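Dear colleague,

Please find below the structure that I am handing over to you. A short account of the findings follows it.

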Amino acid sequence: MKMSMFQIILLAVFGAFAVAGILIFAFLVGSNSNSSIGAVTVWGTFDEVAMQTIVRQLSETESRFRQVTYVRKNPETFDADLTNALASGTGPDLYILRHDYAVLDAPKISPIPFASFSREQFDTLFVEAAKPFLGAEGVLAVPLAVDPYVLYSNKDLLASNGFAKPPVFWDEVFDMARTITDCQRLNAGKTTVLGCDETRSIKKATIGFGEFANIDHAKDIVSLLILQAGGPLTVRDGSGDLVPSLLARVGEVAQPAENALNFYTTFANPAKDSYSWNRSLPASRAMFAAGDLALYVGLASEESLVRRLNPNLNFAVSPIPQIRNLDVSTGGGVAYGLAVPRAAKNASGALTIAYLLASPDASKAIASVAGMASARRDVLAQTGEGTNSLLNRQALIVRTWEDPNPEETARIFRDVIEAITSGAAKITEALQRAEQAMRQINAQ
């Protein structure tokens, strides 16, 4: 019987466990591999079947996994479900934490003291994207995986408009927008493919940039553009408090947030010849899957979903574009780590499982079935069969920021973008409002 790729990955990974044993994070775990750790319940948003299969396979060679139960939760309600469960004493012993929730969740996490797991050890083992897991008192979560943002491109739509490959630099998108965006004049029944303005409707779009409500990952895309321009979104002040830095300048002139928003919103400005998006269009991922969007910025883990949405779509996945003439490449993404709640019933057992799951082979297996990359530098350095070099390279350049409250900052970003595109405020004014709103989050 022919094995699936998932089965092949598991056999290879867990064969290595059987041969080499599991002396992982030995300097941290410090316990006999045959000792019992008790029941450990793990919550997360990763695929339940895949995670349960991995835990089951692990338990065949490592007895400590036999009492591990993985429960998948709805990503949309995960934070609320976790908070309520911990308050009622029914929460998990271990959970998969997104990096952007690290600041918000810090009070309910039992950190690993730096005396046991130093910053230097953390930086040596794990990628830059995992930095938000470094809390004031210790490591908030053991890094597990990174889901980088990549560029999805419709190969047929690009080729039919004379473009042989997706853009490497963001400025290339302007020329693509002037050529690809297909607009229909509503008056006189005339049709044109160039010079779109407010009297025409978009039929084929170049890139889902410019608005917020109907663009998947809008907040993360704008954050990425700011980071690429060299600007932090938040910083720690002299007292260690987290403060916004949207108005920060790089050098004497450049203001990264202003430049990023100017670029992003240009594609929703009907007065520009790069006009390619408006609020009446479908959501960007749905439009890409339908074959009507040339370029889509999405997470690497979305590739299987895009294929399911349209099995006939001829698309490619490439690195996220960069700003031309910069020496350093910067990407965006989501980092995931394993955190132990303060209210965990079996904190010591949960921490042992966290270390074991974050081992090279286990983290590689989990990341592979999730369509992500391991958060470990040694795994990302591997080459040869079964490695995704594009995904690994993108994971290495992912940069993240400390988000004080993901849901609140999403509303702030929405208000900024909609104020600019509606003409209610200029970019500088909108950023000043955003900075003040973010300061109020920290004051709460």
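In what follows, two residues are said to be in contact when heavy atoms of theirs lie within 4.5 Å. Please bear in mind that this is a predicted model.

I begin with Asp105, which is located in helix H5, spanning residues 102–105. With sequence neighbours within four places set aside, Asp105 is in contact with Asp79, Leu82, Tyr95 and Leu97. Is Asp105 buried or exposed? Its relative accessibility is 1%, and buried means under 20%, so Asp105 counts as buried.

Helix H5 also takes part in the second largest pocket, where its three residues form the largest share of the lining. Helix H18 (427–443) is likewise a contributor, as H5 and H18 each supply at least two lining residues. This pocket holds about 530 Å³ of space. Its lining consists of 25 residues, and those closest to the centre are Ala102, Val103, Ala106, Pro107 and Arg236. Sorted by class, the lining comprises 14 nonpolar, five polar and six charged residues.

Finally, I would draw your attention to helix H13, which covers residues 347–357. This helix is mostly covered, with eight of its 11 residues buried. The buried positions in H13 are Gly349, Ala350, Thr352, Ile353, Ala354, Tyr355, Leu356 and Leu357.

Yours sincerely

Note on methods:
Residues numbered from 1 in each chain as written. Predicted model: local features only at pLDDT ≥ 70, side-chain atom pairs only at ≥ 80, totals over all residues. Heavy atoms only, no water. Helix = DSSP H or I, 4+ residues; strand = E, 2+ residues; numbered from the N terminus. Buried < 20%, exposed > 50% of the residue type's maximum accessible area, 1.4 Å probe, protein only. 1 Å grid on protein atoms, 1.4 Å probe; cavity = no way out; pocket = protein on both sides within 12 Å on 5 of 7 lines; lining within 4 Å. Points joined across faces, edges and corners; volume = space filled by probe spheres on them. Nonpolar A, V, L, I, M, F, W, Y, C, P; charged D, E, K, R; others polar.
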